[in-house]
Amino acid sequence: CTLGGMGSTQRIVVTGAAGFIGDALSRALHARSRLAPRASAELCLTDEASLERTDAGRFEPLPSTRIRGDIGDTALVEQLFAQPVQQLFHLAGIVSGRAEADFALGKRINLDATLALLERCRLQAERGGPVPRVVYASSIGVFGTPLPERIDDATAPCPTLSYGTHKRMIELLITDYTRRGFIDGRALRLSGVLLRPALPNGALSAFNSDLIREPLSGRDYVCPVGPDASVWVASLRCTLANLLRLAALEPSTLGASRALTAPALAVRVRDIVAALGRIDAAAPDRVSYRPDPNLEAQFGRWPLQCSFESAQALGLQRDASLDDLIRTCLEPV
């Protein structure tokens, strides 16, 4: 088992490494290295937030460099590529609510900074360095409203928020950069990944996590979508496995388009509340509803009819059931 399936030596950069998924991914990469102790690799982690960990070094078998800074800073990008990069997990971004509220910020980070990373990858390859394998965290936000009755591999993305537009534009660039041999890219469209911490990050879909965390913590929760609202959700554990699986795939197994929709569970909010009751009988009584029509139209009308055939054919998986997903969310990753 080699890290990322790219040989015995590589330098892996993770952007957004202090975030919910980024932090867990860096720990998963360390854990994977313990399964392949002869693999030679090092991590370079970057985020605008602090990356200091009290357990750093004790449980991290891979050499790790932590660089705190703004991914939109040209000097930071140059620092990331001061040595050849074999693999790049690009998770940094300005999420839905923040990108809507601050167009300039969303454009600078989601588009300009990501393009600068891709350009730096291109320059590395054109100068005789390794062609970086780029794994990009995209979003089901590339599908805009009104959502169709069914989403599958043939559904054309048509984003209706700036965040989804940014994601779709980068998906297209990743496919084109790959076609031209500048990178070996692959983008994974993530749905609601659970269970996010109770910290505001501007994600309008954060109610997915709040709906589970708050009632099971003994607190009342007012849900901003109704009980018949429908959402797509996946556990953090399953999401990490899919990111690592996608990173390990050989290029020949992927099609011309390098964007895949991650398998997810399509469920109604009332089904989530019922599942909470199977863990804590009092939890459903802690949930009340105050639907926001605009938020529900954008984030609470995901079709229950969906197919993730292409991703599943490549070995990507979804959680076994809603009950299993919620119990997984309550376990340490």
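Mentor: Happy to. Two packed helices are described by the angle between their axes and the distance between the axes. Here α6 and α8 pack at an angle of about 25 degrees, with their axes 10 Å apart. Axes are lines fitted to C-alpha atoms, for helices over the stretch in contact, and angles run from 0 to 180 degrees between N-to-C directions. Helices (H or I, at least four residues) and strands (E, at least two) are DSSP runs, numbered from the N terminus.

This is a predicted model, in which local features need pLDDT of at least 70 and side-chain atom pairs count only at pLDDT 80 or more, while totals for chains, interfaces and linings use all residues. Residues are numbered from 1 along each chain as its sequence is written, and side-chain values use heavy atoms, with hydrogens and water left out.

Trainee: Which residues of α6 and α8 make the contact?

Mentor: With contact meaning heavy atoms within 4.5 Å, α6 brings L211, I212, P215 and L216, and α8 brings V269, I272, V273 and L276.

Trainee: Which residues of α8 are buried?

Mentor: Buried means under 20% relative accessible area, exposed over 50%, and partly exposed in between (1.4 Å probe, protein chains only). In α8 the buried residues are V269, I272, V273, A275 and L276. They lie on the same side of α8, because they cover an arc of only 160 degrees around the axis; the arc is that of the directions from the helix axis to the C-beta atoms. Among the elements covering them are α6 (207-216), β10 (230-235) and α11 (322-329).

Trainee: And how many residues of α6 are buried?

Mentor: 8 of its 10 residues, so α6 is mostly covered. The buried set includes F207, N208, R213 and E214. After α6 comes G218, with a positive phi near 85 degrees.

Trainee: Is R270 buried, exposed or partly exposed, and what does R270 touch?

Mentor: R270 sits in α8 (residues 269-277) and counts as partly exposed because its relative accessibility is 41%. Leaving aside neighbours within four places in sequence, R270 is in contact with P227 and D228. A polar contact is a pair of N or O atoms within 3.5 Å; within protein, one must be able to donate a hydrogen and the other to accept it, and residues adjacent in sequence count only if both atoms are side-chain atoms. The side chains of R270 and D228 make one at 2.9 Å.
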